[in-house]
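Morning, everyone. Please have a look at the model on the screen, and then I'll walk you through it.

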Amino acid sequence: MKLLLRMMIRHFFIIYTGSIMGTVVYCLIFCRDEMYGIDYFIKMFFFSVLGDLPLLVFYSKEDLTGKQMAGRCGLHFCLLETVLLLAGRYLGLYHEFLWEGVIFFLIVALVYLIVVFFGVVMDMVTADQMNEVIRKKNEGRFR
């Protein structure tokens, strides 16, 4: 559970940054003259928390198999889109027009891919660091 909470905290900041970048893209397309106050950034904070909650799908006391992980990834994406589309509509991040909802869906999907990419990169860096420490310990042991 500690690992999941640590991952949620790490993802929160990536989601928040991605949400702000998504806002910029959305405004460039639909409302170039829009001005946002501090209340918008507070909304984005709660929006990012809601975007982080579906990560709980990955909680398991046992190690997940590849098939289970793939299934949970699909479920996570569907839950994430559903939660964020509903929250986005409630918070007024997009309006009733279908095409705005579709663009919002695509922006959420893009932010999702960015979060996954950075998560993989961070995990690879951690794995490389661990492998380096192990390699150095093994070199010292076999001399």
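Let me start with a term. Buried means under 20% relative accessible area, exposed means over 50%, and partly exposed is in between, with a 1.4 Å probe and protein chains only. Take Met35: at 73% relative accessibility, Met35 counts as exposed.

Some ground rules. This is a predicted model, where local features need pLDDT of at least 70 and side-chain atom pairs count only at pLDDT 80 or more, while totals for chains, interfaces and linings use all residues. Residues are numbered from 1 along each chain as its sequence is written, and side-chain values use heavy atoms, leaving out hydrogens and water.

Back to Met35. Where does Met35 sit? In the loop between H1 and H2. Helices here are DSSP runs of H or I, at least four residues, numbered from the N terminus. Now compare Met35 with Leu4. They are 31 residues apart in sequence, and their C-alpha atoms are 36 Å apart in space.

Next, the helix pairs. Two packed helices are described by the angle between their axes and the distance between the axes. Axes are lines fitted to C-alpha atoms, for helices over the stretch in contact, and angles run from 0 to 180 degrees between N-to-C directions.

Start with H1, residues 2–30, and H2. Their axes come within 9 Å and cross at roughly 130°. That makes H1 oblique to H2. The cut-offs: under 35 degrees is roughly parallel, over 145 roughly antiparallel, 65 to 115 roughly perpendicular, and the rest oblique. The crossing of H1 and H2 is right-handed: the near helix is turned clockwise from the far one by less than a right angle.

Who makes this contact, meaning heavy atoms within 4.5 Å? From H1, residues including Phe12, Ile15, Tyr16 and Ser19. From H2, residues including Phe41, Met44, Phe45 and Ser48. By class, the contact of H1 with H2 has 12 nonpolar residues, five polar and one charged. Nonpolar covers Ala, Val, Leu, Ile, Met, Phe, Trp, Tyr, Cys and Pro; charged covers Asp, Glu, Lys and Arg; the others, Gly among them, are polar.

Zoom in on Ser48, in helix H2. Is Ser48 buried or exposed? Buried, with a relative accessible area of 0%. Leaving aside residues up to four places away in sequence, Ser48 touches Phe12, Ile15, Tyr16 and Ser19.

Phe47, Leu50 and Gly51 of H2 meet Leu80, Val83, Leu84, Ala87 and Gly88 of H3. That contact has six nonpolar, two polar and no charged residues.

On to helix H4, residues 98–141, where we find Val116. Val116 is partly exposed, at 37% relative accessible area. Val116 and Pro54 are 62 residues apart in sequence, yet 14 Å apart in space, C-alpha to C-alpha.

Last, the cysteines. How many disulfides are there? Zero, in a search of the whole structure; a disulfide is a pair of cysteine sulfur atoms within 2.5 Å. For Cys78, the nearest cysteine sulfur is that of Cys73, 11 Å away. Cys27 counts as buried, at 11% relative accessibility.

How values were computed. Contact = heavy atoms within 4.5 Å. Helix = DSSP H or I, 4+ residues; strand = E, 2+ residues; numbered from the N terminus.
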